[in-house]
Amino acid sequence: MNVLSINRLNNEYRASINKAEAIHELNNGEYTNDEGLCYQNAANIAGRLASMTIGSEAEHWVSAQQFCQQQMRVIWNTLHPSKAVEMPSPGGTEAEDRADKNDQAGSGRQDEAAGKDQTAAKDGAKKKYADGLKQEMVDSWFKKDPGYGFDEVVGMEDVKNLLSNCVRDDKMRALTEYLGLPTVQSFFFYGPPGCGKTFIIEAFVHELMKQGYKYMSLASADIHSKFSGEADKILKRVFAEAVDNAPCIIFMDEIDGVCQSRDLPNLSDFNMQLTTTFLTCFNDLVKAEREKKSVIFIAATNYPSNVDTAMLDRVELIPIPMPDEEVRENTFRRKLEKLISLDEDVAWKDIVEATEGYSQRDINRVTQKLLMNIYKKISECVKENDSAAEHAVGMIKNGDFRLNKEMVEEVFGSYKPKPNADIERSLNEFEAKT
(Lines give C-alpha, C1' and ligand atoms only; values in the text may rest on other atoms or scores of the structure.)
Protein backbone atom coordinates (compact mmCIF):
# COMPACT_ATOMS: atom_id res chain seq x y z
CA MET A 1 0.00 0.00 0.00
CA ASN A 2 1.57 3.32 -1.13
CA VAL A 3 0.90 5.74 1.71
CA LEU A 4 2.12 8.75 -0.29
CA SER A 5 -0.25 7.96 -3.14
CA ILE A 6 -3.16 7.56 -0.72
CA ASN A 7 -2.39 10.88 0.94
CA ARG A 8 -2.10 12.61 -2.45
CA LEU A 9 -5.42 11.20 -3.64
CA ASN A 10 -6.97 12.03 -0.28
CA ASN A 11 -5.98 15.68 -0.77
CA GLU A 12 -7.24 15.66 -4.36
CA TYR A 13 -10.59 14.26 -3.24
CA ARG A 14 -10.96 16.93 -0.58
CA ALA A 15 -9.96 19.66 -3.06
CA SER A 16 -12.63 18.48 -5.52
CA ILE A 17 -15.34 18.45 -2.83
CA ASN A 18 -14.31 21.91 -1.60
CA LYS A 19 -14.32 23.23 -5.17
CA ALA A 20 -17.80 21.79 -5.77
CA GLU A 21 -19.13 23.45 -2.63
CA ALA A 22 -17.47 26.76 -3.55
CA ILE A 23 -19.03 26.67 -7.03
CA HIS A 24 -22.43 25.94 -5.47
CA GLU A 25 -22.12 28.97 -3.18
CA LEU A 26 -20.86 31.25 -5.97
CA ASN A 27 -23.97 30.37 -7.98
CA ASN A 28 -26.28 31.16 -5.05
CA GLY A 29 -27.23 27.53 -4.50
CA GLU A 30 -27.98 26.84 -8.17
CA TYR A 31 -26.59 23.63 -9.69
CA THR A 32 -24.14 23.87 -12.63
CA ASN A 33 -22.26 21.47 -14.90
CA ASP A 34 -18.98 22.59 -13.34
CA GLU A 35 -20.18 21.48 -9.91
CA GLY A 36 -21.24 18.13 -11.35
CA LEU A 37 -17.80 17.66 -12.94
CA CYS A 38 -16.15 18.26 -9.57
CA TYR A 39 -18.28 15.53 -7.98
CA GLN A 40 -17.54 13.24 -10.91
CA ASN A 41 -13.81 13.74 -10.37
CA ALA A 42 -14.23 13.19 -6.62
CA ALA A 43 -16.20 9.97 -7.27
CA ASN A 44 -13.41 8.65 -9.48
CA ILE A 45 -10.80 9.45 -6.84
CA ALA A 46 -12.90 7.83 -4.09
CA GLY A 47 -13.21 4.70 -6.23
CA ARG A 48 -9.44 4.51 -6.61
CA LEU A 49 -8.96 4.99 -2.86
CA ALA A 50 -11.51 2.26 -2.13
CA SER A 51 -9.44 -0.17 -4.21
CA MET A 52 -6.20 0.87 -2.46
CA THR A 53 -7.43 0.52 1.14
CA ILE A 54 -8.91 -2.19 3.33
CA GLY A 55 -11.40 -2.63 6.17
CA SER A 56 -13.31 0.35 7.53
CA GLU A 57 -11.26 2.80 5.47
CA ALA A 58 -12.23 1.03 2.25
CA GLU A 59 -15.88 1.12 3.40
CA HIS A 60 -15.54 4.84 3.96
CA TRP A 61 -14.31 5.45 0.42
CA VAL A 62 -17.06 3.30 -1.04
CA SER A 63 -19.53 5.44 0.91
CA ALA A 64 -17.78 8.60 -0.30
CA GLN A 65 -18.01 7.42 -3.90
CA GLN A 66 -21.73 6.72 -3.48
CA PHE A 67 -22.22 10.17 -1.99
CA CYS A 68 -20.51 11.85 -4.95
CA GLN A 69 -22.49 9.77 -7.44
CA GLN A 70 -25.69 10.75 -5.63
CA GLN A 71 -24.75 14.41 -5.90
CA MET A 72 -24.02 13.94 -9.62
CA ARG A 73 -27.50 12.44 -10.15
CA VAL A 74 -29.17 15.30 -8.28
CA ILE A 75 -27.33 17.87 -10.39
CA TRP A 76 -28.00 16.01 -13.66
CA ASN A 77 -31.70 15.58 -12.91
CA THR A 78 -32.01 19.26 -12.01
CA LEU A 79 -30.27 20.46 -15.16
CA HIS A 80 -31.77 17.84 -17.49
CA PRO A 81 -35.24 16.96 -16.15
CA SER A 82 -36.28 15.32 -19.45
CA LYS A 83 -33.36 12.89 -19.17
CA ALA A 84 -33.63 12.25 -15.43
CA VAL A 85 -32.01 9.11 -14.05
CA GLU A 86 -33.28 7.07 -11.13
CA MET A 87 -31.79 7.95 -7.75
CA PRO A 88 -31.65 5.29 -5.02
CA SER A 89 -32.13 6.42 -1.44
CA PRO A 90 -28.85 7.73 0.00
CA GLY A 91 -27.23 5.01 2.10
CA GLY A 92 -30.16 2.65 1.51
CA THR A 93 -30.31 -0.85 0.07
CA GLU A 94 -32.15 -1.93 -3.07
CA ALA A 95 -34.76 -3.60 -0.89
CA GLU A 96 -35.31 -0.33 0.98
CA ASP A 97 -35.63 1.53 -2.31
CA ARG A 98 -38.27 -0.93 -3.56
CA ALA A 99 -40.12 -0.59 -0.25
CA ASP A 100 -40.10 3.20 -0.62
CA LYS A 101 -41.54 2.91 -4.15
CA ASN A 102 -44.27 0.53 -2.97
CA ASP A 103 -45.19 2.93 -0.20
CA GLN A 104 -45.48 5.80 -2.65
CA ALA A 105 -47.55 3.70 -5.06
CA GLY A 106 -49.89 2.72 -2.24
CA SER A 107 -50.46 6.28 -1.20
CA GLY A 108 -51.00 7.46 -4.77
CA ARG A 109 -49.99 11.01 -3.90
CA GLN A 110 -46.33 12.01 -3.58
CA ASP A 111 -47.26 15.48 -2.39
CA GLU A 112 -49.09 13.92 0.57
CA ALA A 113 -46.04 11.76 1.32
CA ALA A 114 -43.83 14.85 1.28
CA GLY A 115 -46.18 16.56 3.72
CA LYS A 116 -46.03 13.56 6.01
CA ASP A 117 -42.23 13.60 5.83
CA GLN A 118 -42.15 17.22 6.97
CA THR A 119 -44.45 16.45 9.88
CA ALA A 120 -42.36 13.42 10.79
CA ALA A 121 -39.18 15.50 10.82
CA LYS A 122 -40.83 17.81 13.34
CA ASP A 123 -41.54 14.78 15.52
CA GLY A 124 -37.94 13.63 15.39
CA ALA A 125 -38.36 11.09 12.59
CA LYS A 126 -35.33 10.22 10.47
CA LYS A 127 -34.72 12.43 7.44
CA LYS A 128 -32.58 11.15 4.58
CA TYR A 129 -29.40 13.04 3.74
CA ALA A 130 -26.95 12.54 0.88
CA ASP A 131 -23.84 12.68 3.08
CA GLY A 132 -23.15 8.98 3.56
CA LEU A 133 -23.18 9.18 7.37
CA LYS A 134 -24.58 6.18 9.20
CA GLN A 135 -27.91 6.72 10.93
CA GLU A 136 -26.68 4.90 14.04
CA MET A 137 -24.03 7.58 14.50
CA VAL A 138 -26.57 10.38 14.07
CA ASP A 139 -28.95 8.72 16.54
CA SER A 140 -26.14 8.59 19.13
CA TRP A 141 -25.97 12.40 19.16
CA PHE A 142 -29.45 12.69 20.65
CA LYS A 143 -29.42 12.29 24.44
CA LYS A 144 -31.95 11.72 27.19
CA ASP A 145 -32.96 14.32 29.76
CA PRO A 146 -30.14 14.60 32.37
CA GLY A 147 -32.84 14.37 35.04
CA TYR A 148 -31.92 17.29 37.32
CA GLY A 149 -32.39 21.04 37.13
CA PHE A 150 -31.15 24.27 38.69
CA ASP A 151 -32.46 23.28 42.13
CA GLU A 152 -29.61 20.72 42.29
CA VAL A 153 -26.91 23.31 41.51
CA VAL A 154 -25.35 24.90 44.59
CA GLY A 155 -23.95 28.43 44.27
CA MET A 156 -23.26 30.06 40.88
CA GLU A 157 -26.31 32.27 41.35
CA ASP A 158 -25.33 34.76 38.62
CA VAL A 159 -24.95 31.94 36.08
CA LYS A 160 -28.25 30.34 37.08
CA ASN A 161 -30.03 33.70 36.80
CA LEU A 162 -28.63 34.27 33.31
CA LEU A 163 -29.65 30.83 32.12
CA SER A 164 -33.03 31.02 33.86
CA ASN A 165 -33.71 34.21 31.93
CA CYS A 166 -33.08 32.29 28.72
CA VAL A 167 -35.65 29.67 29.72
CA ARG A 168 -38.15 32.39 30.67
CA ASP A 169 -37.51 34.32 27.44
CA ASP A 170 -38.26 31.21 25.43
CA LYS A 171 -41.71 31.08 27.02
CA MET A 172 -42.19 34.74 26.02
CA ARG A 173 -40.96 34.26 22.45
CA ALA A 174 -43.98 36.00 20.90
CA LEU A 175 -43.30 39.15 22.93
CA THR A 176 -39.58 38.99 22.15
CA GLU A 177 -40.31 38.78 18.43
CA TYR A 178 -42.87 41.60 18.61
CA LEU A 179 -40.33 43.93 20.27
CA GLY A 180 -37.64 42.91 17.78
CA LEU A 181 -35.26 41.65 20.48
CA PRO A 182 -32.55 39.14 19.52
CA THR A 183 -33.64 35.56 20.09
CA VAL A 184 -30.57 33.54 19.06
CA GLN A 185 -29.10 32.17 22.28
CA SER A 186 -25.55 30.80 22.36
CA PHE A 187 -23.50 30.16 25.47
CA PHE A 188 -19.79 29.47 25.88
CA PHE A 189 -18.74 27.93 29.21
CA TYR A 190 -15.08 27.89 30.16
CA GLY A 191 -13.07 27.04 33.24
CA PRO A 192 -10.55 24.53 34.62
CA PRO A 193 -11.22 20.77 34.47
CA GLY A 194 -13.69 19.56 37.08
CA CYS A 195 -15.08 23.01 37.92
CA GLY A 196 -18.65 21.89 37.22
CA LYS A 197 -19.23 23.16 33.65
CA THR A 198 -21.00 20.01 32.47
CA PHE A 199 -23.05 19.78 35.66
CA ILE A 200 -24.66 23.20 35.30
CA ILE A 201 -24.98 22.82 31.52
CA GLU A 202 -26.99 19.61 31.97
CA ALA A 203 -29.16 21.31 34.60
CA PHE A 204 -29.83 24.05 32.01
CA VAL A 205 -30.62 21.39 29.41
CA HIS A 206 -33.14 19.80 31.77
CA GLU A 207 -34.94 23.12 32.24
CA LEU A 208 -35.16 23.57 28.46
CA MET A 209 -36.27 19.99 27.82
CA LYS A 210 -39.22 20.66 30.13
CA GLN A 211 -40.20 23.26 27.52
CA GLY A 212 -40.11 20.67 24.73
CA TYR A 213 -36.53 20.97 23.48
CA LYS A 214 -34.62 17.99 22.11
CA TYR A 215 -31.01 17.53 23.21
CA MET A 216 -27.93 16.80 21.10
CA SER A 217 -24.51 16.36 22.73
CA LEU A 218 -21.11 15.77 21.11
CA ALA A 219 -17.47 16.09 22.07
CA SER A 220 -14.58 16.99 19.79
CA ALA A 221 -13.74 13.30 19.37
CA ASP A 222 -17.24 12.64 17.97
CA ILE A 223 -16.65 15.15 15.17
CA HIS A 224 -13.07 14.43 14.20
CA SER A 225 -12.53 11.58 11.79
CA LYS A 226 -9.47 9.88 10.38
CA PHE A 227 -11.12 10.07 6.98
CA SER A 228 -10.75 13.21 4.87
CA GLY A 229 -13.86 15.35 4.65
CA GLU A 230 -15.78 13.33 7.23
CA ALA A 231 -15.53 15.93 10.02
CA ASP A 232 -16.96 18.63 7.76
CA LYS A 233 -19.90 16.37 6.86
CA ILE A 234 -20.51 15.55 10.51
CA LEU A 235 -20.59 19.24 11.47
CA LYS A 236 -23.01 20.11 8.67
CA ARG A 237 -25.25 17.21 9.62
CA VAL A 238 -25.25 18.14 13.31
CA PHE A 239 -26.53 21.63 12.62
CA ALA A 240 -28.99 20.38 9.98
CA GLU A 241 -30.41 17.81 12.42
CA ALA A 242 -30.75 20.47 15.12
CA VAL A 243 -32.71 22.76 12.80
CA ASP A 244 -34.89 19.89 11.55
CA ASN A 245 -35.64 18.88 15.15
CA ALA A 246 -36.16 22.42 16.50
CA PRO A 247 -36.65 23.42 19.19
CA CYS A 248 -33.31 21.79 19.91
CA ILE A 249 -30.15 22.19 21.99
CA ILE A 250 -26.64 21.49 20.65
CA PHE A 251 -23.98 20.97 23.31
CA MET A 252 -20.40 20.68 22.01
CA ASP A 253 -17.80 19.83 24.62
CA GLU A 254 -14.09 20.50 23.96
CA ILE A 255 -15.04 23.13 21.38
CA ASP A 256 -11.36 24.13 21.13
CA GLY A 257 -10.83 20.98 19.06
CA VAL A 258 -13.59 21.88 16.58
CA CYS A 259 -13.29 25.65 16.14
CA GLN A 260 -9.58 26.26 16.59
CA SER A 261 -8.26 29.79 16.38
CA ARG A 262 -6.99 30.60 12.90
CA ASP A 263 -4.29 32.69 14.59
CA LEU A 264 -2.65 29.61 16.13
CA PRO A 265 0.82 28.92 14.74
CA ASN A 266 1.20 25.87 12.48
CA LEU A 267 -2.56 25.32 12.24
CA SER A 268 -3.15 22.55 9.72
CA ASP A 269 -5.20 23.05 6.56
CA PHE A 270 -7.64 20.47 7.90
CA ASN A 271 -8.31 22.37 11.13
CA MET A 272 -8.44 25.67 9.24
CA GLN A 273 -11.15 24.22 6.99
CA LEU A 274 -13.01 22.72 9.97
CA THR A 275 -13.13 26.10 11.70
CA THR A 276 -14.48 27.71 8.55
CA THR A 277 -17.11 24.99 8.19
CA PHE A 278 -18.14 25.37 11.83
CA LEU A 279 -18.58 29.14 11.55
CA THR A 280 -20.60 28.76 8.35
CA CYS A 281 -22.88 26.21 10.02
CA PHE A 282 -23.19 28.35 13.12
CA ASN A 283 -24.30 31.34 11.02
CA ASP A 284 -27.14 29.20 9.65
CA LEU A 285 -28.74 29.32 13.11
CA VAL A 286 -29.63 32.96 12.52
CA LYS A 287 -31.49 31.99 9.35
CA ALA A 288 -33.23 29.17 11.24
CA GLU A 289 -34.32 31.63 13.93
CA ARG A 290 -35.92 33.85 11.29
CA GLU A 291 -37.91 30.78 10.24
CA LYS A 292 -39.02 30.41 13.90
CA LYS A 293 -36.84 27.33 14.45
CA SER A 294 -35.20 27.74 17.84
CA VAL A 295 -31.76 26.15 18.28
CA ILE A 296 -29.78 26.94 21.43
CA PHE A 297 -26.05 26.34 21.06
CA ILE A 298 -23.88 25.56 24.10
CA ALA A 299 -20.11 25.06 24.06
CA ALA A 300 -17.57 24.22 26.76
CA THR A 301 -13.79 24.16 26.99
CA ASN A 302 -10.85 24.32 29.34
CA TYR A 303 -8.84 26.26 26.74
CA PRO A 304 -10.83 29.30 25.50
CA SER A 305 -7.65 30.95 24.14
CA ASN A 306 -7.47 28.23 21.49
CA VAL A 307 -10.96 29.02 20.13
CA ASP A 308 -11.38 31.28 17.10
CA THR A 309 -12.28 34.87 17.98
CA ALA A 310 -15.10 34.86 15.41
CA MET A 311 -16.77 32.18 17.52
CA LEU A 312 -16.17 34.04 20.78
CA ASP A 313 -17.79 37.17 19.31
CA ARG A 314 -21.01 35.23 18.64
CA VAL A 315 -21.63 33.76 22.10
CA GLU A 316 -22.31 34.69 25.72
CA LEU A 317 -19.08 34.00 27.62
CA ILE A 318 -19.69 32.26 30.96
CA PRO A 319 -16.68 31.63 33.21
CA ILE A 320 -17.12 28.81 35.72
CA PRO A 321 -14.72 29.10 38.68
CA MET A 322 -13.45 26.37 40.98
CA PRO A 323 -15.93 25.45 43.74
CA ASP A 324 -15.97 28.00 46.56
CA GLU A 325 -16.51 27.18 50.26
CA GLU A 326 -20.33 27.21 49.98
CA VAL A 327 -20.30 24.88 47.00
CA ARG A 328 -17.78 22.51 48.58
CA GLU A 329 -19.70 22.29 51.87
CA ASN A 330 -23.02 21.70 50.15
CA THR A 331 -21.48 19.06 47.89
CA PHE A 332 -19.99 17.13 50.82
CA ARG A 333 -23.22 17.43 52.81
CA ARG A 334 -25.28 16.18 49.88
CA LYS A 335 -23.02 13.18 49.39
CA LEU A 336 -22.34 12.23 53.04
CA GLU A 337 -24.82 13.79 55.48
CA LYS A 338 -27.63 11.27 54.84
CA LEU A 339 -25.21 8.34 55.10
CA ILE A 340 -23.22 9.04 58.26
CA SER A 341 -22.95 11.48 61.16
CA LEU A 342 -19.80 13.43 62.06
CA ASP A 343 -17.98 12.79 65.30
CA GLU A 344 -17.49 15.63 67.79
CA ASP A 345 -13.83 16.06 66.82
CA VAL A 346 -14.59 17.02 63.19
CA ALA A 347 -16.92 19.56 61.54
CA TRP A 348 -17.98 20.27 57.98
CA LYS A 349 -15.87 23.44 57.96
CA ASP A 350 -12.78 21.30 58.64
CA ILE A 351 -13.49 19.26 55.50
CA VAL A 352 -14.20 22.43 53.52
CA GLU A 353 -10.95 24.09 54.59
CA ALA A 354 -8.98 20.94 53.76
CA THR A 355 -10.30 21.00 50.20
CA GLU A 356 -9.32 24.54 49.22
CA GLY A 357 -8.52 24.53 45.48
CA TYR A 358 -10.26 21.20 44.88
CA SER A 359 -12.28 20.75 41.70
CA GLN A 360 -15.63 18.97 41.61
CA ARG A 361 -13.81 15.97 40.22
CA ASP A 362 -11.42 16.03 43.20
CA ILE A 363 -14.35 16.34 45.59
CA ASN A 364 -16.06 13.32 44.02
CA ARG A 365 -12.88 11.27 44.27
CA VAL A 366 -12.10 12.21 47.86
CA THR A 367 -15.72 11.48 48.84
CA GLN A 368 -15.34 7.97 47.44
CA LYS A 369 -12.13 7.55 49.41
CA LEU A 370 -13.92 8.67 52.60
CA LEU A 371 -16.67 6.12 51.99
CA MET A 372 -14.10 3.39 51.37
CA ASN A 373 -12.33 4.32 54.60
CA ILE A 374 -15.66 4.16 56.45
CA TYR A 375 -16.23 0.69 54.98
CA LYS A 376 -12.76 -0.44 56.05
CA LYS A 377 -13.00 0.91 59.60
CA ILE A 378 -16.47 -0.38 60.38
CA SER A 379 -15.66 -3.77 58.90
CA GLU A 380 -12.98 -4.07 61.56
CA CYS A 381 -15.59 -3.36 64.26
CA VAL A 382 -18.09 -6.11 63.43
CA LYS A 383 -17.78 -9.88 63.56
CA GLU A 384 -17.57 -11.68 60.25
CA ASN A 385 -20.86 -13.58 60.04
CA ASP A 386 -24.05 -13.60 57.98
CA SER A 387 -25.46 -10.55 59.82
CA ALA A 388 -22.25 -8.47 59.78
CA ALA A 389 -23.42 -6.13 57.02
CA GLU A 390 -26.78 -5.45 58.67
CA HIS A 391 -25.02 -4.88 62.01
CA ALA A 392 -22.63 -2.38 60.38
CA VAL A 393 -25.46 -0.45 58.72
CA GLY A 394 -27.32 -0.34 62.04
CA MET A 395 -24.26 1.08 63.84
CA ILE A 396 -23.99 3.88 61.28
CA LYS A 397 -27.69 4.72 61.32
CA ASN A 398 -28.00 4.90 65.12
CA GLY A 399 -24.79 6.93 65.47
CA ASP A 400 -22.66 4.28 67.21
CA PHE A 401 -20.17 4.63 64.35
CA ARG A 402 -19.30 8.13 63.09
CA LEU A 403 -16.89 9.79 60.67
CA ASN A 404 -14.08 11.07 62.88
CA LYS A 405 -11.07 13.35 62.51
CA GLU A 406 -8.57 10.50 62.21
CA MET A 407 -10.44 8.97 59.26
CA VAL A 408 -10.70 12.34 57.50
CA GLU A 409 -6.99 13.08 57.97
CA GLU A 410 -6.05 9.65 56.64
CA VAL A 411 -7.87 10.35 53.39
CA PHE A 412 -6.75 13.93 52.88
CA GLY A 413 -3.19 13.04 53.84
CA SER A 414 -3.00 10.47 51.03
CA TYR A 415 -4.92 12.33 48.31
CA LYS A 416 -3.27 14.90 46.06
CA PRO A 417 -5.53 16.88 43.72
CA LYS A 418 -4.48 17.04 40.09
CA PRO A 419 -2.51 20.25 39.45
CA ASN A 420 -4.16 22.78 37.13
CA ALA A 421 -1.54 25.54 37.29
CA ASP A 422 -0.91 25.71 33.54
CA ILE A 423 -4.61 25.72 32.69
CA GLU A 424 -5.39 28.35 35.32
CA ARG A 425 -2.57 30.53 34.01
CA SER A 426 -3.99 30.23 30.49
CA LEU A 427 -7.49 31.07 31.75
CA ASN A 428 -6.19 34.13 33.60
CA GLU A 429 -4.47 35.34 30.44
CA PHE A 430 -7.68 34.81 28.46
CA GLU A 431 -9.77 36.78 30.96
CA ALA A 432 -7.23 39.60 30.92
CA LYS A 433 -7.78 39.96 27.17
CA THR A 434 -11.61 39.81 27.23
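Buried means under 20% relative accessible area, exposed means over 50%, and partly exposed lies in between, using a 1.4 Å probe and protein chains only. By that rule, Asp350 is partly exposed, because its relative accessibility is 30%. This is a predicted model: local features need pLDDT of at least 70, side-chain atom pairs count only at pLDDT 80 or more, and totals for chains, interfaces and linings use all residues. Residues are numbered from 1 along each chain as its sequence is written, and side-chain values use heavy atoms, leaving out hydrogens and water.

**Overall build**

- The protein has 19 helices and 5 strands. Both are DSSP runs numbered from the N terminus: helices are H or I with at least four residues, strands are E with at least two.
- The protein counts 434 residues, and 43% of them are buried.
- A contact means heavy atoms within 4.5 Å. Among contacts with a separation of 6 or more, 78% are between residues 24 or more positions apart.

**Salt bridges**

- Side chains of opposite charge can pair when their charged atoms come close.
- A salt bridge is a side-chain nitrogen of Lys or Arg within 4 Å of a carboxyl oxygen of Asp or Glu. The structure holds 11 of them.
- Glu157 pairs with Lys160, with the closest N and O atoms 3.3 Å apart. Both sit in helix α7 (residues 157-171); they are 3 residues apart, so about one helical turn separates them.
- Glu157 is partly exposed at 44% relative accessible area, whereas Lys160 is buried at 10%.
- Lys349 and Asp350 also form a salt bridge, at 3.6 Å from N to O.
- Glu410 bridges to Lys377, with the closest N and O atoms 3.2 Å apart. This pair links distant parts of the chain: Glu410 is in helix α18 (residues 405-414) and Lys377 is in helix α16 (residues 360-379), 33 residues apart.
- Glu410 counts as partly exposed at 33%, while Lys377 is buried at 18%.

**A buried charge**

- Asp232 lies in helix α11 (residues 230-244).
- Asp232 is buried but has no salt bridge; Lys236, the nearest side chain of opposite charge, is 5.6 Å away. In this count Lys and Arg are positive, Asp and Glu are negative, and His and the chain ends are left out.
- The side chain of Asp232 makes a polar contact of 3.4 Å with that of Thr277. A polar contact is a pair of N or O atoms within 3.5 Å; within protein, one must be able to donate a hydrogen and the other to accept it, and residues adjacent in sequence count only if both atoms are side-chain atoms.
- Beyond its neighbours within four places in sequence, Asp232 is in contact with Gln273, Leu274 and Thr277.

**A loop residue**

- Lys143 lies in the loop between α6 (135-141) and α7. Lys143 is partly exposed, at 37% relative accessibility.
- The C-alpha atoms of Lys143 and Met216 are 5.8 Å apart, although 73 residues separate them along the chain.
- A polar side-chain atom of Lys143 lies 2.7 Å from the backbone oxygen of Ser140.
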